[in-house]
Amino acid sequence: MSASRIPGLVVLLALFGCPKADEGPGGSPDPGTPASTHAGTISIQDRRLLGAPQLGHGLSVLVDLSTATRAPDYDEEPGQLTGCKVWVYDVESDPPPRAAGDVGTLFIEGTSASLGPGCVFQEGPGYVCPTATGQGEIVLEHAAGTGAPPNTARVSIGGAAFGPEDSGRYLQLRGAPGASGSFPIVAVTSTTEVRVAKAPGTNPAPSPGTYQVLAGAGPVPGIPEDEAPGDPLRNSDHVRVRITPGNDTPFHFPETTVADIGRAFTPDMATSGLLDHVPLDGRAFRLGCAGEGGHCGSAEFTIIQLQTTDGPTASVSPYALPPSKKKQVVLTCVEPGESGFVDIPAEASALLAQAHAASPITRIRTALMRNGAVFTKNPTPPDNTVRVVAGHQIIGFTNP
């Protein structure tokens, strides 16, 4: 099937490994088109983690702006925008695309959970969406015996100005002994006090430190289900993205809107068993929401994004993907329309098996997404592209 016969499919042109705008049908340079140097994705998702209902769900913003990718090592439908594409990178001799760094301020609007005044680049985490930043006397103490929800802690910050909208965001603390890290805000109890989840330490005496409130940072316990008050991404949301570019930035695209986001879904039973047990024996497998026990809300695309690491995982969170040491595999599959299934062919799966044999894979992160999407690019050279996808996703982690 040609791309022109699939409505809306052109939006995913460069995201999924097809020839860039400056390439001809075979991938060779087109001398009549200005060269592209970068490509990127801005992903706005209501994210859940497989097997961790206690962590809830929440708005997650991922900004991946980098140098342009090379041709894939496997392309199920060459020259098309659909199908599965696989890149196998050698960290030393053939590394993955390099992050572009700070390209300006991003503004993401139209989500039910506000992302604040703008998303900015910070060294280390990359792009984050801070809604408040400051310093003050910080107290962190566990809430046992106070009638508060279990596994929470009370955080008090002198001079802060928390509001109801901060529930569902993250609180990042630095400097105060025993009170450093990034914690989901599960409740706002006053303008200077919140309750957070997953706080391992304590800091019962006030100590000076700095804080940031971050929107779009991931799942938060207690967020209501889809379409309930407080849900971060509702079916009626029209997600808008724009940029105020920095000096000499490779990106200066116009405002872009995803008018039809992917709806909430439930993976089918077979998929729930595979998202955290991706096969490494080279066999074909299927992921989706349309089988027994699943439910598919409407979406333009069903997308699989899989990434591996061979780095050590013993000392990191079970929901983190540490840097690769030698090999990294990136697999992306796109199925348009309402089928709700993505089939990963044996040829793509075989590349996972080969990489695992060459340098044992220690963790695989696999995201199943039901998304709406738009495609935009700079109006003037360089002819760089950005894909904006928005909807719902569930992520599983395989630990071979």
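Guide: Buried means a relative accessible area under 20%, exposed means over 50%, and partly exposed lies in between (1.4 Å probe, protein chains only). By this scale Asp 73 is partly exposed, at 44%. The structure above is a predicted model, in which local features need pLDDT of at least 70, side-chain atom pairs count only at pLDDT 80 or more, and totals for chains, interfaces and linings use all residues. Residues are numbered from 1 along each chain as its sequence is written, and side-chain values use heavy atoms, with hydrogens and water left out.

Visitor: How many salt bridges does the rule count here?

Guide: A salt bridge is a side-chain nitrogen of Lys or Arg within 4 Å of a carboxyl oxygen of Asp or Glu. Under this rule the count is 12 salt bridges.

Visitor: Which residue forms a salt bridge with Arg 70?

Guide: The partner is Asp 73, and the closest N and O atoms are 3.1 Å apart. Arg 70 is partly exposed, with a relative accessible area of 27%.

Visitor: Which parts of the chain does the salt bridge between Arg 286 and Asp 343 link?

Guide: In this pair the closest N and O atoms are 2.7 Å apart. Strands (E, at least two residues) are DSSP runs, numbered from the N terminus. Arg 286 belongs to strand β15 (residues 285–288) and Asp 343 to strand β18 (residues 341–344), so the pair links distant parts of the chain, 57 residues apart. Arg 286 is partly exposed at 40% relative accessible area, and Asp 343 is partly exposed at 41%. Returning to Arg 70, salt bridges that share partners join Arg 70, Asp 73 and Asp 94 into one network.

Visitor: Where in the chain do Arg 240 and Glu 109 lie?

Guide: The side chains of Arg 240 and Glu 109 form a salt bridge of 3.8 Å, N to O. Arg 240 lies in strand β13 (residues 239–245) and Glu 109 in strand β5 (residues 104–109), 131 residues apart. Arg 240 has a relative accessible area of 29% and is partly exposed; Glu 109, at 26%, is also partly exposed.

Visitor: What is the order of the strands in the open sheet?

Guide: Two strands pair if DSSP finds at least two bridges between them. The open sheet has 3 strands in the order β5-β13-β14, with antiparallel pairing. β5 and β14 (256–258) stand at the edges with a single partner strand each, so one side of each has no neighbour in the sheet. β13 and β14 pair in the antiparallel sense over 3 bridges, and Val 241 stands opposite Thr 256 in β14.

Key
Helices (H or I, at least four residues) and strands (E, at least two) are DSSP runs, numbered from the N terminus.
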